[in-house]
Amino acid sequence: MSLSSDYLLEPEARRWSTAQIAGVLLLVLIVLFAWLGPLLIDADPARQQLARFLEAPSLAHPLGYDQLGRDMLARLVHGTRLSLSLAVVSVLSAAIPGVLIGLLAAWCGGWIERVLAAFADAVLALPGLLLVLLLAAFAPGGFWPLYVGISLALWVEYFRVVRAASRILLASPQVEASRLLGFGPGYIVRRHLLPALLPRLFTLMRFGLAGAVLAMSALGFVGVGLQPPTPELGVMMIELLPYYREAPWLLGAPVGVLFLTLLGLLLLSPQKGQA
C-alpha cells in the first residue's frame, strides 16, 4: 500500500481489533485513576505516620502504608499522574518541532535539508538516556532535565519519519496536480501530507509515551531522576525495594501500574493486515 493511500482504507481495515479495544479501555482506566483519584482519595501522599509502618492493606486503605507510614494508594495516584503528565508533555514537545522541521526539510530540500539532517544525525549520535543524565547533572532532582532531555531525544524520530515520507508524497501526482491548480502549501499539507502522516505519527507518539514513562521510571529507580519524597513511579520503586519481603504488595503497586500502562500502549499497535 502506498504512502499516499494509507488513509483511504476500506471500512473492514479500519475496524479496531479486540486487542486495540482492550488497550484503549486499559489506558482510559489508568488515566481516570490518575486524574480522578486525588478527588476521591482524601489523603495526603506526603503525610507520615511512623506508627503505621508497613501496615497491611484494609478496606479503608486498600494498599496499606509504606515504610514511612504514608498512604500507599494516595502516593500511587499522584505518582501515576506525575509520570503520565511528564510523558505526555515530553512527547508533544518532541512531536511538534520534529514534524514541523521534517516538513520544512522535505519541502525546501537543498542545503536546508542537508543542514537539518546533519543536525538530527548529531543529536541521534548521543544516546537519549545519556542526554537526560547530562542535563540532570545541572539540576539534580528537577523536573526540567527530564522534560527537556526526553524531548530532545525523541524529536529526531519524528523528523526522520516525516522527512522521508513527505519527500515521497511531495513527488506524487496528486501533489503535482494540486500545485498546477494553484493550491498553496497550506492546502497541500492539510489535504495530502497530514492524512498520510497521521497514522505514522500516532504510532511514534504511542511508543514515545511508553519510552518516556519507562525512561523516567528507570531514572528515578537509579536515583538520578526525581527525588524523594516526590511520588513518582520510579522513585517509589527504589524506596520500596528494601521492603519487598515484608510488604511485596507495596513494590508490586507501582510496578503493576507501569506494566499496565506499557501494555495498554502496546496493545494499540495495528494488528497484521490492518494498516
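Analyst: Helices (H or I, at least four residues) and strands (E, at least two) are DSSP runs, numbered from the N terminus. On that basis the protein has ten helices and zero strands. The model is predicted: local features need pLDDT of at least 70, side-chain atom pairs count only at pLDDT 80 or more, and totals for chains, interfaces and linings use all residues. Residues are numbered from 1 along each chain as its sequence is written, and side-chain values use heavy atoms, with hydrogens and water left out.

User: What does the UniProt record call "transmembrane region", and how helical is the span of residues 21–41?

Analyst: The unreviewed UniProt entry places that annotation on residues 21–41, 82–108, 115–138, 144–162, 207–227 and 247–268. UniProt positions are given in the numbering used here, feature names are shortened, and annotations may be inferred rather than shown by experiment. In the model, residues 21–41 are 95% helix and 0% strand, and the end C-alpha atoms lie 28 Å apart. For residues 247–268 the values are 91% helix, 0% strand and 33 Å between the end C-alpha atoms.

User: Why is Glu-113 called buried?

Analyst: Buried means under 20% relative accessible area, exposed means over 50%, and partly exposed lies in between (1.4 Å probe, protein chains only). Glu-113 has a relative accessible area of 9%, so this residue is buried. Of the 275 residues of the protein, 42% count as buried.

User: What makes the pairing of Glu-113 with Arg-167 a salt bridge?

Analyst: A salt bridge is a side-chain nitrogen of Lys or Arg within 4 Å of a carboxyl oxygen of Asp or Glu. The side chains of Glu-113 and Arg-167 meet at 3.4 Å, N to O, and form a salt bridge. Glu-113 lies in helix H4 and Arg-167 in helix H6 (residues 143–170), so the pair ties together parts that are 54 residues apart in sequence. The two side chains also make a polar contact at 3.4 Å. That term denotes a pair of N or O atoms within 3.5 Å; within protein, one must be able to donate a hydrogen and the other to accept it, and residues adjacent in sequence count only if both atoms are side-chain atoms. Arg-167 has 46% relative accessibility and therefore counts as partly exposed.

User: Which other salt bridges deserve attention, and how many are there by this rule?

Analyst: The count comes to eight salt bridges. One of them joins the side chains of Glu-239 and Arg-70 (3.4 Å, N to O). This pair links distant parts of the chain, with Glu-239 in helix H9 and Arg-70 in the loop between helix H2 (18–40) and H3, 169 residues apart. Both Glu-239 and Arg-70 are buried. Salt bridges also link Asp-66, Arg-70, Arg-75 and Glu-239 in a network. Another salt bridge joins Arg-179 and Glu-176 (3.8 Å, N to O). Because Arg-179 and Glu-176 are three residues apart in helix H7, about one helical turn separates them.

User: How do you know that helix H9 is largely enclosed?

Analyst: Seven of the eight residues of helix H9 (residues 233–240) are buried, so H9 is largely enclosed by the rest of the structure. Its buried residues are Leu-233, Gly-234, Val-235, Met-236, Met-237, Glu-239 and Leu-240. They pack against helix H3 (72–108), helix H8 (185–221) and helix H10 (248–267), where contact means heavy atoms within 4.5 Å.

User: What makes the group that includes Leu-126 and Tyr-244 a nonpolar patch?

Analyst: Patches are made of residues with over 30% relative accessible area and no salt bridge; like charges are joined within 9 Å, and nonpolar side chains (Val, Leu, Ile, Met, Phe, Trp, Tyr) within 5 Å. The members are Leu-126, Leu-130, Leu-133, Leu-134, Phe-221, Val-222, Val-224, Ile-238, Leu-241 and Tyr-244, with about 770 Å² of accessible area together. Accessible areas come from the Shrake-Rupley method with a 1.4 Å probe; for residues, only the protein chains shown count as cover. Helix H5 (residues 128–136) gives the most to the patch, with three residues. Phe-221, in helix H8, has 32% relative accessibility and therefore counts as partly exposed.
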